Amino acid sequence: MNHDINAINQKLNEICASWPHSATAEAMSYALKGKGKRIRPLIFMATLKSLAIDCHDYLDIACAIEMIHTYSLIHDDLPGMDNDDYRRGRLTCHKVFGEPIAILAGDSLLNEACRVIIANQKLDSELKIDLIDSLYKASGIHGMILGQEIDILNEEKPVTKEILARMHELKTGALIAVSFKLAAQIANQNEAPYEKMGLDLGLAFQIQDDILDVTGSFEKLGKPVGSDLDNNKSTYVSLLGINESQAQLNDLFANIDKFLAQYDNQSGDLAKVVNLIKGRDH
Ligand code: GRG
């Protein structure tokens, strides 16, 4: 796993070095090089490995996913959204570079992610178009952005468990699910079970996030605890309490284990990433 994280970080450094010297590029690199867990690119690489594909040929695609995730974090932290001062253990992008440059940095990461996929040497053009379609569908108005909108429009309102689940499926689940899906597309496998597993894992990830927002610490999380409550957000914990949230989390992980028993290969690469998520404290 550490080897994969190092490979992702090395490739991200190369991508950052390709940008013209500018304040925006500096802000993009600052946000990307923070201590992210690299969960989404690790999922993508582990899924490729479980399908017996050499994931190192597709490190650039792994980085494209991380670039889109990082753009979403920069924009989510802006004063017009969650207005957060800390992310990945240090000041947020807009706190260091100012709001206008942080907006441009997020926009540019979204653009550059597409260019990085186009530049891949291994994939044929048709498959590249399919991958770009899946990734931008998941991160745009059909996925993450719609989830973010539901989140914003429901702030300070009591929401049902169904609305909360849909919001998280789109906001957090879609990008995690597409990390599985892109690997299945490259391996020319049926994408459906991978996407379903990704949505379950995305929801589990989000419930954990809600629990950690209450039980975590600034040192571990790299951001203040209780920020959801401070922003008057409905969370699994505020809706169901810690015990019921934990029970739902256990059910989701039980489903995920069933998937792993069927689809993970003997090297257990996907199980390693799932275990990383199961045991996370930030
Ligand atoms: C602004 C378009 C737009 C979308 C924002 C993903 C998102 C939508 C907002 C992030 C807010 C948030 C903290 C959601 C909870 C789940 C989540 C995505 C946590 C951050 O992901 P990690 O834990 O972060 O993988 P690292 O820093 O490890 O990469």
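Helix H3 (39-50), H9, H10 and helix H13 (236-263) are among the elements that cover the buried residues of H14, where contact means heavy atoms within 4.5 Å and helices are DSSP runs (H or I, at least four residues) numbered from the N terminus. In helix H14, which spans residues 269-278, the buried residues are Asp-269, Leu-270, Val-273, Val-274 and Ile-277, buried meaning under 20% relative accessible area (1.4 Å probe, protein chains only). Because these buried residues fall within an arc of 140 degrees when seen down the axis of H14, they line one face of the helix; the arc is that of the directions from the helix axis to the C-beta atoms.

The model is predicted, so that local features need pLDDT of at least 70 and side-chain atom pairs count only at pLDDT 80 or more, whereas totals for chains, interfaces and linings use all residues. Residues are numbered from 1 along each chain as its sequence is written, and side-chain values use heavy atoms, with hydrogens and water left out.

A polar side-chain atom of Lys-37 lies 2.6 Å from an oxygen atom of the ligand, while an N or O atom in the side chain of His-69 is 2.8 Å from a ligand oxygen atom.

Methods:
Polar contact = N/O pair within 3.5 Å; in protein donor to acceptor, adjacent residues only side chain to side chain. Buried < 20%, exposed > 50% of the residue type's maximum accessible area, 1.4 Å probe, protein only. Helix = DSSP H or I, 4+ residues; strand = E, 2+ residues; numbered from the N terminus.
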